[in-house]
Amino acid sequence: MDVVVLLLAIPLAGGAFLWAWGERDSAPEANCAFSFATLAAAAWLTAMVEQDGPILGFFEQFFVDSLNVFLVALTAFVGFTTSLFSRPYMRIERDHGRMTGPRLRLYHSMYQVFMFTMLLALTTNNLGILWVAMEAATLATVLLVSVYRTPAALEAAWKYFILCGVGIAQALFGTILLYFAAERVLGREGSALLWTHLDLVKGLLNPAILSLAFVFLLVGYGTKVGLVPLHNWLPDAHAEGPTPISAVLSGLLLNVALYSVIRCKVLADGALGSRFAGNMMMGFGLLSVVVAAFFLSRQRDIKRMFAYSSIEHMGLMTFAFGMGGPIANFAGLLHMTVHSLVKSAIFFAVGHAAQKAGTQVMEEIRGLLKVSPRVGWGLMIGSLAILGMPPFGVFASEFLILTTAMREHAWATPILLAALGVAFAAVFARVQPMVFGDTSHARLKHQPALAPVFIHLGIGLMLGLYIPPYLATWYAQAAKLLG
Amino acid sequence: MNALGGQIVNLFAAGLLLIAFAMLSQRRIVALINLFALQGLALVGSTATVAFVTGQHHLYYSAGITFALKVVVLPVILHRLIRRLNVKWDVETLINIPTLMLVGIVLVVFAFNLAIPISEFSQSMARGTLGIALACVLLSFLMMITRSKAVPQVIGFLAMENGLFFAATSATYGMPMVVELGIALDVLVGMVILGVFLFQIREQFDSLDIRHLESLKED
């Protein structure tokens, strides 16, 4: 229980400290230190849950079970590696004059606050607090998206603010409806929004109210997941913000938003006793996969392209959780993990490539292997991994999702396969000349710090070849929780 | 007593809906902010009435927070903002106002229909309120869609929050206190960030017309 408080206190204190620490040169190192401390706390919490089972703490306000503990560990891990990547990357941005002292101060402080809101959303047991944390996550990142102050960045941030604000307002209405249904069963105590209490009485909740509540919750949190047709903010925010922020938006925020949806789905399933919630998620998921795959081939901006790839993968996960059942849920959770790791690794490599080329336009980025072999290989291997090439974890999870779809919803399989094929053709055709093409640029002088890229890709590869038994049981437990 | 209380809440609810329509048709930003403050006041009135009739004491705090935030602090911030940004001009809507009113009426009918199955289960005193709350949310949404300037969009956003709050207090007698505090904090922080943000936009474009912000799209 104390560990949960510690886990949340570290990034919150980090945010305050880095704001007070100001524009000093050591701020990036302090950022890494706080992120590392958060990771240590997350590891401790994970070990505790592994040993003693689910933890309920602080007047039942926090609840950690096998479903969210693995997301806590993943969030803290990607948060830490991204801070490692951002340390040299943002220094170079400052040397290029794109970042100034005050902007870096804002950046570091808000980075920690963002981590705090993510971890709060994951560990809270109160669906109202979950909403507050998701909204706070938008607020923490909106000024980071606009941090370069270019017209495009301001536009992206405005879109992000308004669309996610409106979306999340729908989720609040859904939460109110849920509370409305719950207080008739649980009474007007504060416990009527606690997930653990709701889970116990989910069969008694009024189905008519719950189905409407779930629609609002899915649309609301779905906006943050980036589900088509609510995805418009996502490519802009990813393309115009600083690269470390693109990495954490794609790798963490989308996951946490999807986590909120599936927590609500468990309640809706229990109350409705039908496949209504699952079917809605399958519909949105399938639409996202198809639309994103076709938009992929039309992109010129490299970060925009990978943002659309995120929409595609989030759609695939939503589809998997919509199908439900132990295998599809297992595959969805595995896909969540590998997508986070691989996509953030890609954004790290893309960041260095675009920084060196001085542009994000793909036609002008060429010959990465000659400029810097590490960046080139990082991008190539990352792209192959995200496209679902066999040895990597994405292949394993996509394979499981597709085979489950074949068995249970055969009509969806050709659509999914075609979309994945289109996505493969689009991304590979763009990445190949960028990596192997010819260039007049000189070789990169400094060695880019790309350890995080290869650590992430290494784990992604390992999960494709061999899932350690404790991790497998853990996923299986979480998948069972989802029903 | 209970019946009278229900009638009073219904009266405030009707006021809320009427103000939502007034905001939809209002062209002047200053008047828009005043209407927003008035809507906040109607919200405070209904919350206090519910608190008095049902004896839910935490609703008094909630009414207090709403009063401080939505009747005093946010309108003051908004008035200051438009004075410093010097944007008092009339705003034109993208669709003409009579059409907008008709669309608004359709939305209200839609909202009431959506809320019927739920209102039947309502044990709280005013049954129509959930429909009205949903109608307010949709009308604010419509207002956001049809304005091309940044400040009216923000006011529409805040008015949407008012509708949601009304749903929370009248249909469910208020959310748990910790959640209400969190929501209030989010709204306040969001407002401050928006203020910063509006200055950045104006600095960059010399205008707050968000039609400048239309370059990022798929072609």
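This is a predicted model: local features need pLDDT of at least 70, side-chain atom pairs count only at pLDDT 80 or more; totals for chains, interfaces and linings use all residues.
Because 8 of the 8 residues of α9(A), which runs over residues 233–240, are buried, the helix is largely enclosed by the rest of the structure. The model as a whole scores ipTM 0.90 and pTM 0.93.

**Helix α9 and the fold of chain A**

- The buried residues of α9(A) are Trp233(A), Leu234(A), Pro235(A), Asp236(A), Ala237(A), His238(A), Ala239(A) and Glu240(A).
- The secondary structure of chain A consists of 19 helices and 2 strands.
- With a radius of gyration of 21 Å, close to the 23 Å that the globule rule gives for 483 residues, chain A is therefore as compact as a globular protein of that length.
- The C-alpha trace of chain A spans about 70 × 55 × 45 Å along its principal axes, and 62% of the 483 residues count as buried.
- When contacts in chain A between residues at least 6 apart in sequence are considered, 81% of them join residues at least 24 apart.

**Where chain B touches chain A**

- The contact between the chains draws 37 residues from chain B and 38 residues from chain A.
- On the side of chain B that touches chain A, the elements giving two or more residues are α4 (97–119), α5 (129–146), α6 (150–172) and α7 (177–205) of chain B.
- The largest share of that side, 14 residues, comes from α7(B).
- By class, the side of chain B that touches chain A has 27 nonpolar, 7 polar and 3 charged residues.

**Helix packing within chain B**

- The axes of helix α3 of chain B (residues 58–85) and α6(B) come within 12 Å and cross at roughly 175 degrees, an angle that makes α3(B) roughly antiparallel to α6(B).
- From α3(B), the residues Leu59(B), Ser62(B), Thr66(B), Lys70(B), Leu74(B) and Ile82(B) meet Val151(B), Leu158(B), Asn162(B), Phe165(B) and Thr169(B) in α6(B).
- The contact of α3(B) with α6(B) has, by class, 6 nonpolar, 4 polar and 1 charged residues.

**Confidence in chain B**

- The mean pLDDT of chain B is 83, and 93% of its residues reach 70 or more.
- Within chain B, confidence is highest in helix α2 (residues 29–54), at a mean of 90, and lowest in α7(B), at a mean of 82; α7(B) is also the element that gives the largest share of the side touching chain A.

Definitions and conventions:
Residues are numbered from 1 along each chain as its sequence is written. Chains are lettered from A and ligands numbered from 1 in the order in which they are written. Two residues are in contact if their C-beta atoms, placed from the backbone, lie within 7 Å. Helices (H or I, at least four residues) and strands (E, at least two) are DSSP runs, numbered from the N terminus. Ala, Val, Leu, Ile, Met, Phe, Trp, Tyr, Cys and Pro count as nonpolar, Asp, Glu, Lys and Arg as charged, and the others, Gly among them, as polar. pLDDT is the predictor's confidence in each residue, from 0 to 100. A residue is buried if 20 or more other C-beta atoms lie within 10 Å of its own, exposed if 12 or fewer, and partly exposed in between; C-beta atoms are placed from the backbone. The radius of gyration is taken over C-alpha atoms; the globule rule is 2.2 Å times the number of residues to the power 0.38. Axes are lines fitted to C-alpha atoms, for helices over the stretch in contact, and angles run from 0 to 180 degrees between N-to-C directions. Angles under 35 degrees count as roughly parallel, over 145 as roughly antiparallel, 65 to 115 as roughly perpendicular and the rest as oblique.
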